[in-house]
Structures are given as C-alpha cells and as structure tokens.
Amino acid sequence: MSSKNKRETEFLDILERNMGFIAKAASVYAYTSQDKKDLVNDIILELWQSYPKFRGDSKVSTWLYRVTLNISLKTKRSRDNGKIVFVDEINIFANTTIMDSEAEFIREQELRTIYECISKLNRINKAIILLYLEDKSNDEIADIVGISRTNVSTRLSRIREELKIIYEQIK
C-alpha cells in the first residue's frame with residue numbers, strides 16, 4: 001500500500017470513529033439543517049488539510065477535537081457577525097429514519113431538548129460540555145480547551161446549574 005493510500009485509510013478510520021462528536025458540535029454551533037451540513041463539511045475539509053501536519057504531540061482525538069471546535073467557533077462567529085441568533089431547529093440525527101417505537105421518539109425529543117439547552121451556553125461552555133459528554137477527563141478537556149483542570153471542574157459544576165435553569169425556561 002502506498003503512503004498516500006495508507007494516509008487516506010488512517011484518516012478515514014479516524015473520521016469514522018469521531019463522526020459522532022463532529023455531528024454533535026455541528027448541532028450545537030449551527031442553527032439550520034443546511035448550516036449543520038455545511039459545518040460538518042468544513043470541519044472534515046479542515047481535518048483533511050491539517051492531517052499531514054499532525055505530528056503526534058498529542059492524542060489524535062485531542063487534535064481532532066481542537067480542530068472541530070476551532071472551525072465550529074470560527075464559522076459561528078462569521079455567520080453570527082456579532083448578532084444574537086436563535087436556534088430554529090435541532091436535528092441530532094444525520095440520517096432520519098422512521099421511528100419504530102414510541103421510546104425512540106421520546107429519546108429523540110429528549111436529545112433535541114438537551115442540545116437546544118447546550119446551544120444556549122457561551123462558546124467555551126459549549127465546548128467543555130460537549131467534551132464532557134464524550135467522556136473526556138478533566139485533564140483532557142483542559143488540554144483541548146486550553147484552561148486549567150481546576151477551571152474545568154468549576155465550569156462543569158456551573159454549566160450543570162446553568163443547563164438546569166435553561167431547561168426550566170424552555171420546558
């Protein structure tokens with residue numbers, strides 16, 4: 001296998017393992033279905049372009065999360081242009097399927113509500129909670145976001161409280 005094919009195979013494997021996080025970030029940082037699709041494509045393009053520069057100084061997942069969050073924030077800033085924008089829809093599932101049970105429908109509604117609440121957080125808190133939901137340790141979150149471990153712990157506690165308040169407001 002040529003080095004180019006090996007690199008492509010490695011990249012596709014990394015991408016496949018992490019598409020869930022990329023989709024979650026797009027759901028939180030973009031507002032419409034089309035914006036979400038565009039953001040996912042922008043993230044994948046940036047990951048592909050920066051993959052050859054990845055030197056392995058950190059975990060692949062750390063690099064991927066940083067790129068994903070940076071592109072999400074950059075895209076959100078350029079779209080919002082300093083304006084407050086309200087979420088007009090939340091669609092967590094990339095491939096919509098017919099609900100085969102009431103439990104699935106309820107779960108989807110709960111997830112939509114959770115992501116709607118998260119979308120109302122400030123940019124750094126969105127990143128922290130998304131990484132937390134990906135089961136990242138406080139040390140990993142601190143490394144990815146660029147804050148101290150103690151600050152991550154403090155922010156997570158405050159984020160939980162803020163999410164409770166937001167949930168009560170939209171309920």
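The buried residues of H6 are Asn-138, Glu-140, Ile-141, Ala-142 and Ile-144; buried means under 20% relative accessible area, exposed over 50%, and partly exposed in between, with a 1.4 Å probe and protein chains only. Helices here are DSSP runs of H or I with at least four residues, strands are runs of E with at least two, and both are numbered from the N terminus.

Please note that this is a predicted model, in which local features need pLDDT of at least 70, side-chain atom pairs count only at pLDDT 80 or more, and totals for chains, interfaces and linings use all residues. Residues are numbered from 1 along each chain as its sequence is written, and side-chain values use heavy atoms, with hydrogens and water left out.

What follows H6? The helix is followed by Gly-146, whose phi is positive, near 90°. Gly-146 lies in the loop between H6 and H7, and it counts as exposed because its relative accessibility is 61%. Gly-146 and Arg-66 are 80 residues apart in sequence, yet their C-alpha atoms are 9.7 Å apart in space.

Let me turn to the partner helix. The axes of H5 (residues 123-133) and H6 (residues 138-145) come within 10 Å and cross at roughly 140°; axes are lines fitted to C-alpha atoms over the stretch in contact, and angles run from 0 to 180 degrees between N-to-C directions. H5 and H6 are therefore oblique to each other, since angles under 35 degrees count as roughly parallel, over 145 as roughly antiparallel, 65 to 115 as roughly perpendicular and the rest as oblique.

Which residues of H5 meet H6? Ile-124, Ala-127, Ile-128, Leu-131 and Tyr-132 in H5 meet Ile-141, Ile-144 and Val-145 in H6, where contact means heavy atoms within 4.5 Å.

Next, the core. The largest nonpolar core has 41 residues, and Tyr-29 and Leu-47 have the most contacts inside it; such a core is a set of buried Ala, Val, Leu, Ile, Met, Phe, Trp, Tyr and Cys residues joined through side-chain atoms within 4.5 Å. Among the elements giving two or more residues to this core are H5, H6 and helix H7 (149-170). H1 gives the most, with nine residues.

Finally, the whole protein. Its secondary structure comes to seven helices and zero strands. Of its 171 residues, 37% count as buried.
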